[in-house]
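Please read them with the structure open.

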Amino acid sequence: MYFRTQAVLADDDGTNDSLCVPYSSFRLAQPLADQTLALYFNAMTESGTVGMDLTRVELTIAANKHKEVLEAITNAVAFSKDQFVVVGDDVTSDYLANDITAVGTIDVVAAS
């Protein structure tokens with residue numbers, strides 16, 4: 001699963017600008033607001049906090065379309081013949097579902 005937060009290709013050079021993770025590392029999804037859906041994966045880095053850290057990707061979505069976006073992601077992973085699934089790319093405006101409008105932040109958070 002691929003995510004890119006930057007709108008300009010030349011700016012895609014930081015550790016939190018893009019992320020590619022296997023679907024098997026997916027742990028949970030959480031609505032954060034009417035237009036924000038957070039996806040959590042096993043962390044790719046250690047932050048030094050106690051417990052298992054998670055990598056969080058926030059997607060900006062159409063209002064209250066959390067379920068539809070999760071269905072689109074699940075279907076793409078389950079039924080796509082491609083091994084590389086672009087969930088959201090802000091450079092190309094390529095989004096897995098019409099209800100995804102942008103990729104927000106990518107960061108590591110402490111699991112609670």
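Predicted model: local features only at pLDDT ≥ 70, side-chain atom pairs only at ≥ 80, totals over all residues.

1. In α1, the buried residues are His66, Val69, Ile73 and Ala76. They cover an arc of only 105° around the axis, which puts them on the same side of α1. The face turned away from that buried side carries the exposed residues Lys67, Ala78 and Phe79.

2. What do the buried residues of α1 pack against? Their partners are β3 (26-33), β4, β5, β6 and β8. As for its dimensions, α1 has 14 residues. From first C-alpha to last it reaches 20 Å, close to the 20 Å expected at 1.5 Å a residue.

3. Next, the core. The largest nonpolar core has 18 residues. Which of them touch the most other members? They are Phe3, Val57, Leu59 and Ile100. The elements giving two or more residues to this core are β4, β5 (53-61), α1 (66-79) and β8 (100-110). In soluble globular proteins, nonpolar side chains tend to be buried together.

4. Take Ile100 by itself. Beyond residues up to four places away in sequence, Ile100 touches Leu59, Thr60, Ile61, Val69, Val87 and Tyr95. One of these, Leu59, is named with Ile100 among the core members that touch the most others. Another, Val69, is one of the buried residues of α1.

5. Phe41 deserves a look. Phe41 lies in strand β4, which runs over residues 36-42. Is Phe41 buried or exposed? At 0% relative accessibility, Phe41 counts as buried. Setting aside residues up to four places away in sequence, Phe41 touches Met1, Phe3, Val21, Ser25, Phe26, Arg27, Leu54, Thr55 and Val57. Phe41 and Leu19 are 22 residues apart along the chain, and their C-alpha atoms are separated by 11 Å.

6. Now the aromatic rings. A search of the whole structure finds four aromatic pairs. In one of them, the rings of Phe26 and Phe41 have their centres 5.7 Å apart and their planes at 65°. Why is this pair called edge-to-face? Planes over 60 degrees apart count as edge-to-face, and the planes of Phe26 and Phe41 stand at 65°, so the pair falls in that class. The pair links distant parts of the chain, with Phe26 in strand β3 and Phe41 in strand β4, 15 residues apart.

7. Stay with these rings for a moment. Phe3, Tyr23, Phe26 and Phe41 form one aromatic cluster. Phe41 is buried at 0% relative accessibility, whereas Phe26 is partly exposed, with a relative accessible area of 22%. Phe3, also in the cluster, is one of the core residues that touch the most other members.

8. Turn to the open sheet. Four strands form it, in the order β2-β1-β6-β7, and the pairing is mixed. β2 (18-20) and β7 stand at the edges, each with a single partner strand, so one side of each is left without a neighbour in the sheet.

9. How do the strands of this sheet pair? Strand β1 (residues 2-4) and strand β6 (residues 86-89) pair in the parallel sense over three bridges. Tyr2 has Val86 as its bridge partner in β6, and Arg4 has Asp89. By contrast, β6 and strand β7 (residues 94-95) pair in the antiparallel sense over two bridges. Here the bridge partner of Gly88 is Tyr95 in β7. The hairpin of β6 and β7 has four residues between the strands, and Ser93 takes a positive phi near 55° in this hairpin.

10. Check one loop residue as well. Thr5 lies in the loop between β1 and β2. Thr5 is buried, with a relative accessible area of 16%. Not counting residues up to four places away in sequence, Thr5 touches Asn16, Asp17, Asp90, Val103, Gly104 and Ile106.

11. Finish with Val109, in strand β8. Val109 is buried, with a relative accessible area of 16%. Leaving aside neighbours within four places in sequence, Val109 is in contact with Tyr40, Asp53, Leu54 and Arg56. Leu54 is also among the residues that Phe41 touches. Val109 and Met1 are 108 residues apart along the chain, and their C-alpha atoms are separated by 19 Å.

Definitions and conventions:
Residues numbered from 1 in each chain as written. Heavy atoms only, no water. Buried < 20%, exposed > 50% of the residue type's maximum accessible area, 1.4 Å probe, protein only. Contact = heavy atoms within 4.5 Å. Core = buried A, V, L, I, M, F, W, Y, C linked by side-chain atoms within 4.5 Å. Pairing = 2+ DSSP bridges. Expected span 1.5 Å × (residues − 1). Arc of directions from axis to C-beta. Phe/Tyr/Trp six-rings, centres within 6.5 Å; stacked < 30°, edge-to-face > 60°.
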